[in-house]
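Take a look at the model below. Follow the ligand and the residues around it.

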Amino acid sequence: MIGFDLTDEQMTYMRAAREFAETQMKPYAAELDRREDAFFDWNIVHRFAEADLLGLPIPSEYGGPGVDCLTEAIIAEELGAGCAGITVVAGSTWLAVISIMLVGNDEQKARYLPRICGKDGRLAALASTETEAGSDIAGMRTLATRKGGTYILNGRKHYITNAGLADFYVVFATTDPSKRHAGINAFIVDGDSRGLSIGRIEDKMGLRASRNAELILEDVEVPAENLLGEEGTGFLVLMQTLDTSRPSLGAISVGLARAAFEAALAHARRRVQYGRPLIQNQGVSFMLADMATDIDAARLLTWRAAWLTDRGMDSTRASSMSKVNATETAERVCSKAMELLGAIGYSKDLPLEKLLRDAKAMSIYEGANLIQRIIISSAL
Ligand SMILES: Cc1cc2nc3c(=O)[nH]c(=O)nc-3n(C[C@H](O)[C@H](O)[C@H](O)COP(=O)(O)OP(=O)(O)OC[C@H]3O[C@@H](n4cnc5c(N)ncnc54)[C@H](O)[C@@H]3O)c2cc1C
């Protein structure tokens, strides 16, 4: 049985998230987009914490709202319509806590999950990517060496969202690079660990409200009890985490596309050329029809992936499809919206050029889209 009714609770979350996006995100989005790279605005984190948005997927026994994946996607779309750059600060926190929720033991969950649910506003981050190991995760070089009751971590992660800001990290490191996938492990690393620092802060094209930086690990001692799951299962932990999280990334992209579409629709109704509003030209109205159709299709794929995840069904293919479709929809819709706004769409006075820059990032991270196509095609 398939239904498209949202529950009262989901409608309440949707309305609250929309209100939050309007009042707590949109007014700050342009300013944060223009910020210097080293600057990070902790006010956005505190606003998220006040609204209980940082620990969204965390179950109530650990202090979070414990929303399911579909509800998270509904909320993520609203936040994405407010500002994708601000949203990914929370989204990267969800990513890290999801891996602890999926494979953490009771003690790890009790120690780390409640930290994200407080009103003091703490972030988490997930660190896998290295300069020489992006899509090819199994090629990572960050080394974990067992020494008695601890692992010593050495290496450099790059492009990590929330690096230098997170209260704790889920760091992926290998005990033996020659084993490739089978050598990878996931560790929870406290943000104040000795030997942990950040290097270069990225000067990004979009998502500029969030920070991406190098995470440097120099002889970082991690207690063996901070190993997530069994030794050698880190690759699996990462894949499961990304499968669970991609619908939210897709949903942020749907929200972003919606923001661009709404700007284009309003403009096409208002702007008069040749004696009539733009929208009265069939060529223009067909463009808007295509944009609206694309957005609906992306939302449905995203919700299906989330729905499968919530039922514990195999969501890998659906999750990758939703990510590819929603992120590319966002790029396409932003580009068409810019075309419809003409010169003013290209100006920094309006948010459209920011939306297009933000959209471009969504197809790269949490697994670049060509990699998602490999996942989809191998499941055909
Ligand atoms: C905004 C942003 C935030 C990020 N946040 C994080 C984070 O919090 N934590 C983290 O660990 N990482 C993060 N990343 C890194 C991100 O996960 C990687 O950029 C991504 O996995 C791709 O790796 P890469 O950049 O090294 O590209 P590469 O792996 O070098 O790939 C380059 C291109 O080649 C394609 N490609 C690669 N291999 C193949 C193949 N076999 N067949 C076909 N095509 C292929 C890719 O799809 C891509 O289009 C972030 C990146 C961005 C842009």
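Helices (H or I, at least four residues) and strands (E, at least two) are DSSP runs, numbered from the N terminus. This is a predicted model, where local features need pLDDT of at least 70, side-chain atom pairs count only at pLDDT 80 or more, and totals for chains, interfaces and linings use all residues. Residues are numbered from 1 along each chain as its sequence is written, and side-chain values use heavy atoms, with hydrogens and water left out.

Start with the shell around the ligand. Strand 1 (123-127), strand 3 (150-161) and helix 11 (369-378) each give it at least two residues. The shell has eleven nonpolar, six polar and no charged residues; here Ala, Val, Leu, Ile, Met, Phe, Trp, Tyr, Cys and Pro count as nonpolar, Asp, Glu, Lys and Arg as charged, and the others, Gly among them, as polar.

Now look at the polar contacts (pairs of N or O atoms within 3.5 Å; within protein, one must be able to donate a hydrogen and the other to accept it, and residues adjacent in sequence count only if both atoms are side-chain atoms). A side-chain N or O atom of Thr129 is 2.6 Å from a ligand nitrogen. A polar side-chain atom of Ser135 lies 2.6 Å from a ligand oxygen. At Tyr159, a polar backbone atom is 3.2 Å from a ligand nitrogen.
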